[in-house]
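Hello,

Here is the structure I said I would pass on. My notes on it follow below.

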Amino acid sequence: MRAQDLDSIRLSTYRTACKLRFVQKKCNLHLVDIWNVIEAFRENGLNAMDLNAELSVARLEVVLSTIFYQLNKRMPTTHQINVEQSISLLLNFLLAAYDPEGHGKTSIFVVKMALATICGGKILDKLRYIFSLISDSAGIMVHSQFDQFLREVLKLPMAVFEGPSFGYTEQAARTCFAQQKKVSLNTFLDTLMSDPPPQCLVWLPLMHRLANVENVFHPVECSYCHTESMMGFRYRCQQCHNYQLCQDCFWRGHASGSHSNQHQMKEYTSWKSPAKKLSHTLSKSLSCASSREPLHPLFPEMPDKPLNLAHIVPPRPVNITNDYSFSHSMPTSGNPYSTKKLNYNLDVADRLADEHVLIGLYVNLLQNNPKTCLLESSNHQDDEHSLIARYAARLAADAAAQQQRVPTDLPCSLDANKQQRQLIAELESKNREILQEIQRLRLQHEEASQPPPDRGQQNPTLLAELRLLRQRKDELEQRMSTLQESRRELMVQLEQLMMLLKEERKQATQGPGSPRSSPSHTINRPIPTPIHSDSASTTPTHTPQDSLMGVGGDVQEAFAQGPRRNLRNDLLIAADSITNTMSSLVKELNSEGGSETESTVDSDFGRELLATNSSDPFYAYKPSHV
C-alpha cells in the first residue's frame, strides 16, 4: 500500500475509498459478490447460529477457504487465483481490524457485516443483506443493531489508518436517522444511497463508484500532467475554461495557470461527445416530466412471510395401515391448463419417492392459495433452510422405516399398478431378447463379410518358395538391366563402324586421281569404349525402344523388334547382323585392290571380330590399334 502512495491523496474520502479498494483487490474479494458470501455462510452453518455467538479463528479460516475455493471453481483455468495467499491476507486484515488484542475470537455478526461490506457486487444487494441483519421480524430497523453495525463497519477505515476522519461517535449514529422513528428497508436504502450519503459512510458508495470507473476511458488531455488520455474519474473546472484534470492530479491537489484548488470541480464518470451532449440537453429541455430514475426499486413495507409447511409433512414418522390418499394437480399433455387427479398411498411412498408427493402438494397449495403463500424475505431465509433440513431428515427416516415394514394388506388401487409393472417387466425381457438377437445377427454378418483366410499364408513351405521366387525375380531383373546396358554399348560401337564404312565408300567413288587415306588412319580412328554404368545393377525403368535412342537409323532399323520378341533372341539376331555386316565390309575392302598391308590388317580385323562374335554374342567389342 505504501508503494501506491495513497497517503498523498489530500481528500480523506477518496483516500479511504482507495485504500479499501486496494485491500479488496489484493485479497481478490472484488471477484466475489454478496451471493457467493451468503452461500459460503450457509455451507458452514453460520445461518443457523446466533449473531452474537463467537467464532474462532480456525472456523473463520474455514469460511474464507470456502469462499475462495468456490471462486476458483467458477474462474477459468487461465485466471486462477492463489487461494492460500488470499486467505492469509484477508484473515490477517480482519484480525487486525476486529481482534487487535489477539483473543482469537470474533462474533458472527462482525464476520457477516465485514465480508458483506468489502466484498464485490452491487451496493444495493449488500445493503439489503445488511438490513436483514439489523432489522426485526416486522421489517423495521432496530436502532441498537444499527448502532452496533456502525460501530463495527467504521473499524474498516480505522484498519487503514483513517480513524481520525471516520471514527465512530454517538453523534454520527443519531445524524443518520435523526427524524425517523421507524426505518423500513426503502428508507434505509434512500438514506445510505443518497447524494450525499451520511458523512460517516460517505466512503462506502465512493468505493463502489471507483470499481465502476476503473476501466472508463476519456480521450481528453489533462491540463496539468498533459496526459493524452485519462482512466477513471475526470474532473472539469466550473470557472476556468476547458480546464480538466485526471483523478491523480485532482486527488493530490495539483493546479496550473489561473486554476486554483478552491474552484468548484465537477466529476465525470463517462465521456460524451459534443453531439451527444447537445442531443441530451435538447431532450432534457424538451421533456415535460423528469426522466430521472429512482436510486433503487421500491420494496414492500411488510416483509414476506415464510410458508407454513407444518401441515404438509407430519412432525414424526406415522405408521398407518389404512388407505389414505393424497391428491395433487398436474397439467396433462394435451391441455396445459387442464388437470387430473393422481392418488398416492402412504404404503407405496417409498416407490414413488416421498419428496415428489410433497412437492406436488406444495405446488397445489401455491395454486389454490397464491395470496396467502408468499415467499419469505431475506431475513428469514435461514429459518426456512433449517426447516427444510429437518424435513429432509424426517423424510429419510420415514423411507427407512417403510422399507423395513412389509405391507400385509395391499389396497385395491394397487392392482392396476401391479399389472402395469408386470407388463413393463415383460416388455423389458422381450426387449433384452430382441437386443441379444440383433447382436447375434450382427456378429454373423461381420463373420460372413470377412474374406476367407489365405491358405498360402498358413503353409510355411509355400511361403519359403514364394520368398525364393522373389529373390530369383530380383536377380533376373538385375541381369536384364546389365544386358540392356551391354546391348546399348554394342549398338553405339556398331554405329561408329557403319560411319567408317560410309566414309570409305565415299572416298572410293571420288576417282582414281583422288588421294586415299591410308589404312592406318582408318584403323586408328577412335572408337568409343563402352562405359559400364553403376546403374546397371538396378532394375531398368526404360523400355527396349528407349535403349535405341542416340544411335543411327541403320542400327535402329537392323535391331527393330516387335512388341512380343524376347531380349535374348534380339541380342542373337543383332550379333548375326554384325557378323554379316563385317564380312561384307572385309570383302569390299579386299576387292578394291588396296595395298597388301591394308588388306592384311582388314582381314585380320575381320577374322578377330568374327571369332569374337561367334564365341560370345554378348561380348562388347573393343577394337585394337595397330
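Strand 5 (residues 234–237) and strand 7 pair antiparallel over four bridges. Strands here are DSSP E runs of at least two residues, helices H or I runs of at least four, both numbered from the N terminus. Two strands count as paired if DSSP finds at least two bridges between them. Arg234 sits opposite Tyr268 of strand 7.

This is a predicted model: local features need pLDDT of at least 70, side-chain atom pairs pLDDT 80 or more, while totals for chains, interfaces and linings use all residues. Numbering starts from 1 along each chain as its sequence is written, and side-chain values use heavy atoms, without hydrogens or water.

Now the cores. The largest nonpolar core has 95 residues. Such a core joins buried Ala, Val, Leu, Ile, Met, Phe, Trp, Tyr and Cys residues through side-chain atoms within 4.5 Å; buried means under 20% relative accessible area (1.4 Å probe, protein chains only). Leu90, Leu115, Phe146, Val153, Phe188 and Trp251 have the most contacts inside it. Helix 5 (residues 108–118) gives the largest share, nine residues. Domain 1 (2–214) and domain 2 (217–272) both contribute, so this core lies between them. The domain bounds come from an automatic or database assignment.

A second, separate core of 10 residues includes Leu490 and Leu585.

Best wishes

Note on methods:
Buried < 20%, exposed > 50% of the residue type's maximum accessible area, 1.4 Å probe, protein only.
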